[in-house]
Amino acid sequence: MHFQISDIVMEVEIHALGTPLVLLHGFPMNHTLWEPVVPHLFPGIQAILPDLRGQGKTSTPAGTYSMERMAHDMVELLDALKIDTAVVAGHSMGGYVALRFAHDHPDRLAGLGLVATQAQPDSPERKHNRVEIADRVLKEGVQSLADSMAPNLTVKPEWVEPLRKMILATSPIGAAGAQRGMANREDARSWLPDLKVPVTILAPTADTVISPARSVEMQNLIPGSELVQVPGAGHCPMLEYPGIVGEALVRLVQRAEKFSAVA
Ligand code: MLT
């Protein structure tokens, strides 16, 4: 399905009916990253899998994709779907967007899932590196990004090639826009103590892209949050251990349902 969302046409896969759960993918990937988890969410959950701005089959406008802009895209998607509040779970860059959504649009949030992500902003070196990558992909395409990133995104060799293909399908303009947006993202740590909804943090213990220690730091700052370690998983636990990720998300949705019933 696709929806006109301000200046873009957004590609969205929607499964089943029930409590809305929006699943945001990481960089430079697309919604198919979450597909292995979907069968573990039925029944009672409506899984909504968008391709974020510039990624997958969603339009790729030129420019910088701020986390704020991408969070606002999600509000417009909820409006288009006539959904008042949703549980939002984000993986890695999708987690940066989910945190921004929680900060900017708390009235639209029923629960928050943070998967292999972090609240910290980039170091000056990392920012610089992202700008270099953005410039390079615009000149040379995404091949080198695919070759360098794919092996680090998983500990399971069988997932390297599908991830490489997913990155190769990303538009250079989209990859550059997201890199620039991530480089400019704000420090989200001060927002965490104010989160009012149920929160689940998923920490793959063998993640070499974002340290699982970042998940523990977020849990310490979010009152009542649940930390789920995924033993031996790399940066993409939804591919490697979809059952564990699905089970944790189902529990999050159930907590969110109870919370909205009493709120
Ligand atoms: C991701 O998986 O979304 C990215 O690697 C996150 C990042 O570059 O910070």
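Contact here means heavy atoms within 4.5 Å. The legends below describe a predicted model.

**Figure 1. Overall fold of the predicted protein chain.** Among contacts in the protein chain between residues at least 6 apart in sequence, 77% join residues at least 24 apart. The secondary structure of the protein chain consists of nine helices and eight strands. Taken along the principal axes, the box filled by the C-alpha atoms is roughly 55 × 40 × 35 Å. The radius of gyration of the protein chain is 17 Å, which agrees with the value near 18 Å that a compact globule of 263 residues would have.

Figure 2. Of the 263 residues, 54% are buried.

**Figure 3. Close-up of the largest pocket.** Two or more lining residues come from each of the helices α2 (93-104), α3 (124-140), α4 (143-149) and α6 (172-183). The greatest contribution to the lining of the largest pocket is that of α3, with four residues. By class, the lining of the largest pocket holds eleven nonpolar, ten polar and four charged residues.

**Figure 4. Close-up of the second largest pocket.** The volume of the second largest pocket is about 170 Å³. Its lining is formed by Leu99, Ala102, His103, Pro106, Leu109, Trp191, Leu192, Asp194, Leu195, Lys196 and Val197. Here α2 gives the most to the lining, with three residues. Eight residues of the lining of the second largest pocket are nonpolar, one is polar and two are charged.

Figure 5. Gly63 lies in the loop that runs between β4 (44-50) and α1 (67-80). Partly exposed denotes a relative accessible area between the limits of 20% for buried and 50% for exposed residues. Gly63 has a relative accessible area of 37% and is therefore partly exposed. Although Gly63 and Ala178 are separated by 115 residues in sequence, their C-alpha atoms are 8.9 Å apart in space.

Methods: Residues numbered from 1 in each chain as written. Predicted model: local features only at pLDDT ≥ 70, side-chain atom pairs only at ≥ 80, totals over all residues. Heavy atoms only, no water. Nonpolar A, V, L, I, M, F, W, Y, C, P; charged D, E, K, R; others polar. 1 Å grid on protein atoms, 1.4 Å probe; cavity = no way out; pocket = protein on both sides within 12 Å on 5 of 7 lines; lining within 4 Å. Points joined across faces, edges and corners; volume = space filled by probe spheres on them. Rg over C-alpha atoms; globule rule 2.2 N^0.38 Å. Buried < 20%, exposed > 50% of the residue type's maximum accessible area, 1.4 Å probe, protein only.
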